[in-house]
Amino acid sequence: MRPQFNFFKNVDKLTVFLYLCLVTIGWISVYAAEISETHRSMFDFSQSYGKQFVWIMTAIVLGIIILTIDVKFFPAFSYIIFGGSLLLLVAVLFFGTTVNASKSWFHIGPIAIQPAEFAKYSTALALARIIYESKSRARSLKELIKPSLIIGLPVLLIFLQNDTGTALVFAAFVLILYREGFLPGWLLLLGIFAVFLFVLTLLMNEFIIIGALTAIFIISAIALRKKPAIVKQLFLVLIAINTYVYVVDYTYEEILQPHQKLRIAVLIDESVDIRGAGYNLHQSKIAIGSGGLTGKGFLQGTQTKFSFVPEQGTDFIFCTIGEEWGFLGSTVLIGLFLTLLIRIILLAERQKSIFSRVFGYCLASVLFFHFLVNIGMTIGLVPVIGIPLPFISYGGSSIWAFTIFLFTFIKLDSRRLDLL
Amino acid sequence: MLSPHQSSELSSRRKNVIIFFIILTGLIFIVRLYFLQVIDHRYKIFASSNIQRVLTDYPARGLIYDRNGELLVYNEPYYDLMVIPGQVREMDTTEFINLLGITRTQFENRLQSARSFSRFRASVFERQISMNTFAALQEKMFKYPGFFVQPRTLRKYPHPIAAHTFGYVGEVGPADIAREPYYRQGDYIGISGIEKHYEEVLRGRKGTRIVLVDALSREIGSFQDGRYDTIALAGTDLHASLDLELQKYGELLMQNKRGSIVAIEPSTGEILALVTAPGYDPNLLVGRIRSRNYRMLQNDTLKPLFNRALMANYPPGSVFKVANFLVGLQEGGITASTRYSCPGFYSSGGITVRCRSHPQPVNAITGLQYSCNTFSCIQFRNTIEQPKYGSMQNALTTWRDHIVSMGFGVTFNSDLSHELPGLIGSSELYDRIYGPRGWRALTVISLAIGQGEIGTTPVQLANLAATVANRGYFYTPHVVRAIGHPDSLNPEFRQPNYTTIDSVHFETMVEAMYQTVEDGTARFSRIPGITMAGKTGTVQNPHGENHSAFIAFAPVDDPKIAISVIVENAGSGSAWAAPISSLMIEKYLTGEVKRRWFEQRILEAEFLTNE
């Protein structure tokens, strides 16, 4: 093993630059969202923005430490780290404190830590290791068992903590399974089609959809009457789709709990319960929508400052950006995220080691999922699921976990020639 | 099994699919944001309605003083509980409804009706909350977001007099709001009397303040440092021409009677007293008790809401001889020296008008002094049968024009509300009744003694007295003498209205009216030490006892007060209306009434039952 004196050699400068941009924007946004008239300093540590500064600084230190660690450490210790984080997830069920109905926090003195945030990282490590180890090139559904277990265990534990939002993040790993060939492309398309049908079912009467599909089938059957085999297959597909539509409707109407139903209902119909379940979304859209083209200006946001938007420093941080920096500012932020995501994917693709590649894709998938759900919910495209916007939202665990995640990959990438 | 080459090609395709999804998501976000932030302007409006609350500062309504600076109408503070439904959040409803003493259903209903009015504008939730409730609420207001207390004022009257003249104030209706956008739901507006006529002066100007509120409806500060705020401007005070003491005395004298007293200062047209009996306490028509009391007064058989002084349409009877003699003198039907002897009746063409016995013969002065019907009929006929008119129609029209120039048959268009014009028979009217050739002087001879197709209001009769006092002209009778400062006289009524009669003829009538009091029909009402001119009237009433009427002014050479009194169903003018006038004049000119027994007789009289 060669000695590594220059830890920062081959570090991807663009990624680091994007990271620094995002955390800075985050800090400023938390300041704008939570500013207290009596504590106007950005470095007032009694306030969230002061704390956020501390979190960012310590995160950067953590990132530098990650860069100094021997690159072989990560594949070697991935299972141990994964095991450790599973233990923490179990421990939090017994010793954790409950915040917002989720028993997912450890309180150590003034600091609150959420093990689930770190579980994403450790799951990515374990997932990378296990796919790296599966020497077989075969990508059959049988090969899917082990990766599914790796993903499933933390999801189960996080569900037990009643933290549905974070558990859903693990769905992001579907992307890496697709990339590595475990899941065929048609399955992904099928998934998208299923989501499309799902939304359609909620918007319309299920019998109209079933009727329309049946009508299409009858027309196709007449057109294809010379090929009875295809007609037969189409008939089976029709049965499957109609069953799905019916099940979705039934699930929504009968099985979903009222509060879950409302979260979906408020998305579909803007006017649903804007004082209750729809309040967050309605206020969030007002804040963003009132920003206009160029925004109201730094610290000039009225909707966020006067507390109309709930969770304005954490999950709804995008409202502050939308209100104060307008369409242009929002677009710049979205551009930064897209650049970072694509950059990570391109970096992952150039890895020699399957471990590094899978890990890179895991990082991109998780970041993408957070980006999709968080911004999507503030502008009313996705149901309200309480997960933070990476690097931007207030919160030590989130900042630390994503920084460790990102810098581990930067480290892996910087030593891509050493790792096979 | 795939070859490595195929595999890498597949991987590259998958990478591109993933990148495509990421970029697609970003683009969908940007398009959505474009719609939210740039195209759709609703959110900007939502945002301002979220944080801005427009508060109205209600100015105090102008006060009303009497001519001597005595306070007649003032404001009493009270509080309305308001609600902005859009800002109501979850709260302890049980505690809230217990504080207000309302039921849960009432709570829900009121909130619902406020919501249907507007989610973002304030509605009245509970009107005029008591001081106790206000004190209890004030401490807990922060617990009830969306509710706030709005200070308002109510009219208050220290003396329960002149209710008709003041009029009353009520909540604006949809028609008021449609007519004048100044008004908002829940505002008050003058509905009758001075309150109505001087509404724009009295109301002042509402102020608005835009304050910023946070999600819990707490006030954060003013919007843009108050750039859009307007300051409430208090209403302007009015100085009524009424004399508090005289008005009070008039109402006292008219107790248990039906009728009216109108007293005018001839040199200005200012109304010193405007009494309608029976009346009511103006404090009854205030605030939330108003509609209930209004219904009660409306159902009262004595019709206390009916403003007799301005609206009652009485035939004037002999009082009207003053006007008729003036026309006769002006038109040459008689001269000051024309004399006739009276046989105790006037009879011509089958029509007989009775007279009473009095010294003979009579002229314009003594004819009035003794109220001779014979002389009145002869002079009226002489006047309108003069050949110079050419036709009966022309003759009557000429007569009528003179009468109208004295303020009869028309309204004064003054600041008196609900004034009625009365009626003076016209040729058109008689043409309609009898046909163009179907009537002559004898047909309308009853006009000579103020009966028939003739109706006058008490204020018009008082104005006749004032016109004679002025020897030929009058100022429009009005009840508000000055606006704002007691010296800034009401500019509306500063022009004298000249009659079409020369003042020399008025001198004749002044003398006649003076003699009426000195040694005529009104001699029992002479006031020691004060010269008074007057004319009695006994109005024939087909429905019951005659109405007692009197007009007068005093002192004769420097008139300070002109008056008309009508007491319904009381009998002769000399018995009741004249003594009341004389008491009023004594009270006004000397400040006190010395003739106790004379006063006592009036106070004890009661004329309500015999209709």
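User: Why is Lys296(A) called partly exposed?

Analyst: The model is a predicted one. Lys296(A) has a relative accessible area of 26%. Partly exposed covers values between the limit of under 20% for buried and that of over 50% for exposed, so Lys296(A), at 26%, is called partly exposed.

User: What makes the pairing of Glu323(A) and Lys296(A) a salt bridge?

Analyst: The side chains of Glu323(A) and Lys296(A) meet at 2.6 Å, N to O. A salt bridge requires a side-chain nitrogen of Lys or Arg within 4 Å of a carboxyl oxygen of Asp or Glu, so this pair qualifies. The pair links distant parts of the chain, with Glu323(A) in helix 14 of chain A and Lys296(A) in the loop between helix 12 and helix 13 of chain A, 27 residues apart.

User: Is Glu323(A) buried or exposed, and how do you know?

Analyst: Glu323(A) has a relative accessibility of 0%. Because buried means under 20%, Glu323(A) counts as buried.

User: What makes Lys560(B) and Asp558(B) a salt bridge, and how is each of them classed?

Analyst: The closest N and O atoms of Lys560(B) and Asp558(B) are 3.2 Å apart, and the limit is 4 Å, so the pair is a salt bridge. Lys560(B) has 38% relative accessibility and Asp558(B) has 43%. Both values fall between the 20% and 50% limits, so both residues are partly exposed.

User: How many salt bridges are there in the whole structure, and which residues of chain A are linked in a network of them?

Analyst: A search over all chains finds 33 salt bridges. Arg179(A), Glu180(A), Glu349(A) and Arg357(A) are linked in a network.

User: Why is Met377(A) called buried, and what does it touch?

Analyst: Met377(A) has a relative accessible area of 0%; buried means under 20%, so the term applies. Met377(A) is placed in helix 15 of chain A. Leaving out residues up to four places away in sequence, Met377(A) touches several residues, including Leu281(A), Asp315(A), Phe316(A) and Ile387(A).

User: Why is Arg152(B), a charged residue, also called buried?

Analyst: The class of a residue and its accessibility are separate matters. Arg152(B) is at 6%, so it is buried. Arg152(B) is found in strand 5 of chain B, and among its contacts beyond four places in sequence are Glu76(B), Asp80(B) and Asp187(B).

User: What is found where chain A and chain B meet?

Analyst: In this interface, 50 residues of chain A are in contact with 37 residues of chain B. The buried area is about 3800 Å², of which carbon and sulfur atoms give 74%. Helix 14 of chain A gives the largest share of the chain A side, 13 residues. That side divides into 27 nonpolar, 15 polar and eight charged residues.

User: Which salt bridge does Arg67(B) form, and what makes it one?

Analyst: Arg67(B) forms a salt bridge with Glu265(B), their closest N and O atoms being 3.4 Å apart. The limit is 4 Å, so the pair meets the rule.

User: How many salt bridges and polar contacts cross between the two domains of chain B?

Analyst: The rule finds two salt bridges and 11 residue pairs in polar contact across the interface of domain 1 and domain 2 of chain B. The area buried there is about 2300 Å², with 57% from carbon and sulfur atoms. Arg67(B), Tyr198(B) and His239(B) supply 29% of the area that domain 1 of chain B buries against domain 2 of chain B, more than any other three residues.

Definitions and conventions
Residues are numbered from 1 along each chain as its sequence is written. Chains are lettered from A and ligands numbered from 1 in the order in which they are written. This is a predicted model: local features need pLDDT of at least 70, side-chain atom pairs count only at pLDDT 80 or more; totals for chains, interfaces and linings use all residues. Side-chain values use heavy atoms; hydrogens and water are left out. Contact means heavy atoms within 4.5 Å. Buried area is the accessible area (1.4 Å probe) that two parts lose on being put together, summed over both. Helices (H or I, at least four residues) and strands (E, at least two) are DSSP runs, numbered from the N terminus. Ala, Val, Leu, Ile, Met, Phe, Trp, Tyr, Cys and Pro count as nonpolar, Asp, Glu, Lys and Arg as charged, and the others, Gly among them, as polar. Buried means under 20% relative accessible area, exposed over 50%, partly exposed in between (1.4 Å probe, protein chains only). A polar contact is a pair of N or O atoms within 3.5 Å; within protein, one must be able to donate a hydrogen and the other to accept it, and residues adjacent in sequence count only if both atoms are side-chain atoms.
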